[in-house]
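Dear colleague,

Please find below the structure that I am handing over to you. A short account of the findings follows it.

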Amino acid sequence: HEPLFACFTQMCIRNMKTLGPVEISTALWACASVAYTTGVATQMFADAVDHVAPLAPRLEVQQLTSIAWSYARVGYRSPGLFATVSMEVVGRSLPLEPSEINRLVWAFAYPGRPTEERT
């Protein structure tokens with residue numbers, strides 16, 4: 001799957017500013033799910049950090065929790081992103097689904113939980 005994911009992540013990097021909530025959360029989740037963490041994937045995760053914050057109010061809770069899970073899964077350290085996800089989820093007055101709670105709590109409790117920005 002290497003060539004497919006290389007092409008996919010390069011496309012995401014080139015089009016990062018035009019990716020919407022579904023596209024960004026799915027792209028991050030897909031790479032994390034298959035543990036695709038090559039240099040180009042790391043660049044996509046780095047570029048997405050700046051894209052997620054302004055997009056956060058438009059993201060559904062499921063997308064926010066998937067993004068947090070994805071960053072934790074690949075071990076990408078980004079306290080700013082986790083703070084954004086946390087504030088956005090806590091600031092909403094709607095009940096969370098059990099799967100959303102599980103995914104979010106796992107991302108924050110994961111041993112590789114972000115403590116400093118990765119460079």
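**Core and aromatic pairs**

Leaving aside residues up to four places away in sequence, Ile-24 touches Met-16, Leu-19, Ala-48, His-51, Val-52, Leu-55, Leu-59 and Ile-67, where contact means heavy atoms within 4.5 Å. The model is predicted: local features need pLDDT of at least 70 and side-chain atom pairs pLDDT 80 or more, while totals for chains, interfaces and linings use all residues. Residues are numbered from 1 along each chain as its sequence is written, and side-chain values use heavy atoms, without hydrogens and water.

Ile-24 is also among the residues with the most contacts inside the largest nonpolar core, which has 36 residues. Such a core is a set of buried Ala, Val, Leu, Ile, Met, Phe, Trp, Tyr and Cys residues joined through side-chain atoms within 4.5 Å. Buried means under 20% relative accessible area, exposed over 50%, and partly exposed in between (1.4 Å probe, protein chains only). Helix 3 (39-55) gives the largest share of this core, 8 residues; helices are DSSP runs of H or I, at least four residues, numbered from the N terminus.

The whole structure holds 7 aromatic pairs. Rings of Phe, Tyr and Trp (its six-membered ring) pair if their centres lie within 6.5 Å; planes under 30 degrees apart are stacked, over 60 edge-to-face and the rest tilted. Phe-5 and Phe-8 pair edge-to-face, at 6.3 Å centre to centre and 85 degrees between the planes. Phe-5 is buried at 13%, whereas Phe-8 is partly exposed at 26%.

Yours sincerely

Terms used
Helices (H or I, at least four residues) and strands (E, at least two) are DSSP runs, numbered from the N terminus.
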